[in-house]
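Q: I am new to this structure and want to learn how to read it. Can we go feature by feature?

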Amino acid sequence: MIIGVPKEIKNNENRVALTPGGVYELVKYGHTVLIQQSAGEGSGFVDEDYIQAGAEIKPTIEEVYASAEMIVKVKEPIASEYPLIRKGQVLFTYFHFASDITLTRAMIDSRAICIAYETVADDDGTLPLLTPMSEVAGRMAIQQGAKYLEKPIKGRGVLLGGVPGVPPGKVLVLGAGVVGLQAAKMAAGLGAHVTILDINMKRLRHVNDVMPPHVVTEYSSEYNIRRHIKNHDLIVGGVLIPGGKAPKLITREMLKEMKPGTVMVDVAVDQGGCFETTRPTTHENPTYIIDDVVHYCVSNMPGAVPYTSTLALTNVTLPYVLKLANMGWEEACRKNKDLGKGLNIVDGAIVYEELRSLFPEEVA
Ligand SMILES: NC(=O)c1ccc[n+]([C@@H]2O[C@H](COP(=O)([O-])OP(=O)(O)OC[C@H]3O[C@@H](n4cnc5c(N)ncnc54)[C@H](O)[C@@H]3O)[C@@H](O)[C@H]2O)c1
């Protein structure tokens, strides 16, 4: 199969869909891999690395789309890519169709085969192609929070680990899922005192089992949240209600209870955020202040660490790319139910049930 990897052109997106190691695997199975010139540069891979691994470099995005039977990407295609997509071409990438009717219509019109990373699902409902990005964001939340706690950037001036004779900072983590667990782990590693809240007792039991004693679990309730926000320095929001909007666990009125310079990192911003005062920010301008509380609400946190994020993402996508290339999309999706759940739009028809109910007017 001919597999094409265009350079990501979405604003501030530096990840790439295949590493040289991934190219090597595909070439080993007899496939041809076309990489757009400089596609890997943002993630630290130069064209020469890809050539050594057996790829062909194509100077333009048009040449990649024109020759490839399957396009592997990171983010959804943007408007300038729509005319390049061909009938029957397989696209394997994050799409997030539910939040973009224009993209959905464009992909219906293209009659391509759209397989979305975000809906590939294991039998137990876990989303293997989303997990690594939550791991990155959870760990980053503490790194960013620690930075914004510094006084020159309007934080409280607290060093999370403390020093001998001075107690460590206090971190409150809302949600003990993938983001929450990774955030708690990083904060604990720095020596901070960590409180982690969830409504799922199974998750709290797990955290309690695997974390050191200075990570304390508690049931998530408004009462407990009100009690803790008064004396915590960094608050991380990592809650998720699958398929729904994040609950607003910290209201505007509650900010007045916090110490000036408290930092709130809302990782759940992509699902609407779990703080009432959350609004999406970018890596160029990641924070804003309301009532002396610093808010960090970047909706693509992994984009700031493209080297790590690319490796983390491609570790989980490559086995599926190989299946699609070796068997063709129909057989690969039939034989692998988890991959089959990634099928969203096929030859002009929406085939993913949730998307059909979201956009009934697009269903023929
Ligand atoms: N900003 C970014 O760049 C970025 C990157 C990756 C993930 N995310 C987002 O982070 C969020 C969390 O992702 P995840 O993978 O950790 O999800 P997850 O499903 O693994 O964990 C979410 C947790 O929230 C808990 N929860 C639900 N309601 C709660 C409540 N009222 N109080 C406390 N806990 C509650 C759930 O029980 C669950 O344990 C998602 O919205 C995800 O899209 C954002």
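This is a predicted model: local features need pLDDT of at least 70, side-chain atom pairs count only at pLDDT 80 or more; totals for chains, interfaces and linings use all residues.

Q: Where is serine 67 found?
A: Look for the element that holds the residue. Serine 67 belongs to helix α3, which covers residues 61-67.

Q: Is serine 67 buried or exposed, or partly exposed?
A: Count the neighbours. A residue is buried with 20 or more other C-beta atoms within 10 Å, and exposed with 12 or fewer. Serine 67 has 14 such neighbours, so it counts as partly exposed.

Q: Which residues does the UniProt annotation "binding site" cover?
A: Such a label comes from a record. Here the UniProt entry, which is unreviewed, gives "binding site" for Arg15 and Lys75. They are spread over 61 residues of sequence, yet they cluster in space. Their largest C-alpha distance is 8.9 Å.

Q: Where is the place of arginine 15, and what does arginine 15 touch?
A: Start with the element, then list the contacts. Arginine 15 sits in the loop between β1 (2-5) and α1 (20-28). Leaving out residues up to four places away in sequence, its contacts are Glu8, Ser43, Val74, Gly303, Pro306, Ser309, Thr310 and Leu313.

Q: What about lysine 75: where is it found, and what does it touch?
A: Lysine 75 lies in the loop between β4 (70-72) and β5 (90-93). Beyond residues up to four places away in sequence, it touches Glu8, Lys10, Glu13, Thr93 and Tyr94. With 19 C-beta neighbours inside 10 Å, lysine 75 counts as partly exposed.

Q: Which residues surrounding the ligand are the closest?
A: Read the shell around it. Here 31 residues surround the ligand, and the closest are Ser134, Gly175, Gly177, Val179 and Ser220. Among the elements, α5 (131-148), α6 (178-190) and β8 (193-198) each supply at least two residues of that shell. By class, the shell has 18 nonpolar, 10 polar and three charged residues.

Q: What is the order of the strands in the open sheet of eight?
A: Strands of a sheet pair through backbone hydrogen bonds, either parallel or antiparallel. In this structure the order is β3-β2-β1-β4-β5-β6-β14-β15, with mixed pairing. The edge strands, β3 (56-58) and β15 (349-350), each pair on one side only.

Q: In which sense do β14 and β15 pair?
A: Go down to one pair of strands. β14 (residues 343-346) and β15 pair in the antiparallel sense, over two bridges. Isoleucine 345 stands opposite isoleucine 350 in β15.

Q: How many helices and strands does the chain have?
A: Finish with the totals. The chain has 12 helices and 15 strands. Of its 364 residues, 45% are buried. Of the contacts with a separation of 6 or more, 63% join residues 24 or more positions apart.

Terms used. Residues are numbered from 1 along each chain as its sequence is written. Helices (H or I, at least four residues) and strands (E, at least two) are DSSP runs, numbered from the N terminus. UniProt positions are given in the numbering used here, feature names are shortened, and annotations may be inferred rather than shown by experiment. Two residues are in contact if their C-beta atoms, placed from the backbone, lie within 7 Å. A residue is near a molecule or strand if its C-beta atom, placed from the backbone, lies within 6 Å of it. Ala, Val, Leu, Ile, Met, Phe, Trp, Tyr, Cys and Pro count as nonpolar, Asp, Glu, Lys and Arg as charged, and the others, Gly among them, as polar. Two strands pair if DSSP finds at least two bridges between them.
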